[in-house]
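Subject: Structure handover

Hello,

Here is the structure I promised you. Please open it first, then read my notes below with the view beside you.

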Amino acid sequence: MYQHELMQMFLFEVKDHLLSGIHVTRVVLTPDLHLARIYVYFDEHDAMTRKQILRRLKKSKGFFKHALSARIHLRHTPDLEFLFDELEDKIKSVDQLFAQ
């Protein structure tokens, strides 16, 4: 539910060129539903660019939270935490090993 809505926002509503091309790989809610950890992946391998994108996402947290509350009607909209999903890099490394 959250993952789908966030992907729609990244595809159609986000105007920031730095944030385009982001994939939401998974969303993990805490048991009390007060925090949503949003794992994102993008093809930039530069550590500085990754930090820059995560900083920009953190600054845009209010926009995403407000948009989610309008789309998903819950009593409480969770706080959002954006994290880079390193699992995708690990999967690519394993795939490259198998390809050899």
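One definition before anything else: two strands pair if DSSP finds at least two bridges between them. Keep in mind that this is a predicted model.

**The sheet**

Start with the strands. In general, strands of a sheet pair through backbone hydrogen bonds, either parallel or antiparallel. Here, 3 strands form an open sheet in the order 1-2-3, and the pairing is mixed. Strand 1 (23-29) and strand 3 (79-84) are the edge strands, and each of them pairs on one side only. From one strand to the next, the twist averages 25°.

Now take the pairs in turn. Strand 1 and strand 2 are antiparallel, with 6 bridges. In that pair, Arg-26 stands opposite Tyr-39 of strand 2. The hairpin of these strands has 5 residues between them, and Leu-33 there takes a positive phi near 65°.

Strand 2 (residues 35-41) and strand 3 run parallel, joined by 6 bridges. You can follow this pair along the strands:

- Leu-35 is opposite Asp-79 in strand 3.
- Arg-37 is opposite Glu-81 in strand 3.
- Val-40 is opposite Phe-84 in strand 3.

How many of the 7 residues of strand 2 are buried? The count is 6, so strand 2 is largely enclosed by the rest of the structure.

Leu-80, Phe-82 and Phe-84 make up the covered face. Asp-79, Glu-81 and Leu-83 make up the uncovered one.

**The helices**

Helix 2 (residues 47-59) lies across strand 2 and strand 3. Its angle to strand 3 is about 170°.

Next, look at helix 1 (residues 2-12). Its buried residues are Tyr-2, Glu-5, Leu-6, Met-7, Met-9 and Phe-10. What covers them? The cover includes strand 1, strand 2, strand 3, helix 2 and helix 3 (61-71).

Helix 1 also meets helix 3. Their axes come within 11 Å and cross at roughly 120°. Angles of 65 to 115 degrees count as roughly perpendicular, and those over 145 as roughly antiparallel. The two helices are therefore oblique to each other. The crossing is right-handed. On the helix 1 side, the residues that meet helix 3 are Tyr-2, Glu-5, Leu-6, Gln-8, Met-9 and Phe-10. On the helix 3 side, they are Phe-64, Ala-67, Leu-68 and Arg-71.

**The core**

Finally, the inside. The largest nonpolar core has 24 residues. Which residues have the most contacts inside it? They are Phe-10, Ile-22, Val-40, Leu-57, Phe-64 and Phe-82. Helix 1, strand 2, helix 2, helix 3 and strand 3 are the elements that give two or more residues to this core. Helix 1 gives the most, with 5 residues.

Phe-10 is then in contact with Leu-19, Ile-22, Val-24, Leu-57, Phe-64 and Phe-82.

Best wishes

Methods:
Residues numbered from 1 in each chain as written. Predicted model: local features only at pLDDT ≥ 70, side-chain atom pairs only at ≥ 80, totals over all residues. Heavy atoms only, no water. Helix = DSSP H or I, 4+ residues; strand = E, 2+ residues; numbered from the N terminus. Axes fitted to C-alpha atoms, helices over the stretch in contact; angles between N-to-C directions. Contact = heavy atoms within 4.5 Å. Buried < 20%, exposed > 50% of the residue type's maximum accessible area, 1.4 Å probe, protein only. Core = buried A, V, L, I, M, F, W, Y, C linked by side-chain atoms within 4.5 Å. Parallel < 35°, antiparallel > 145°, perpendicular 65-115°, else oblique. Left-handed = near helix turned anticlockwise from the far one by under 90°. Lists of a residue's contacts leave out its neighbours within four places in sequence.
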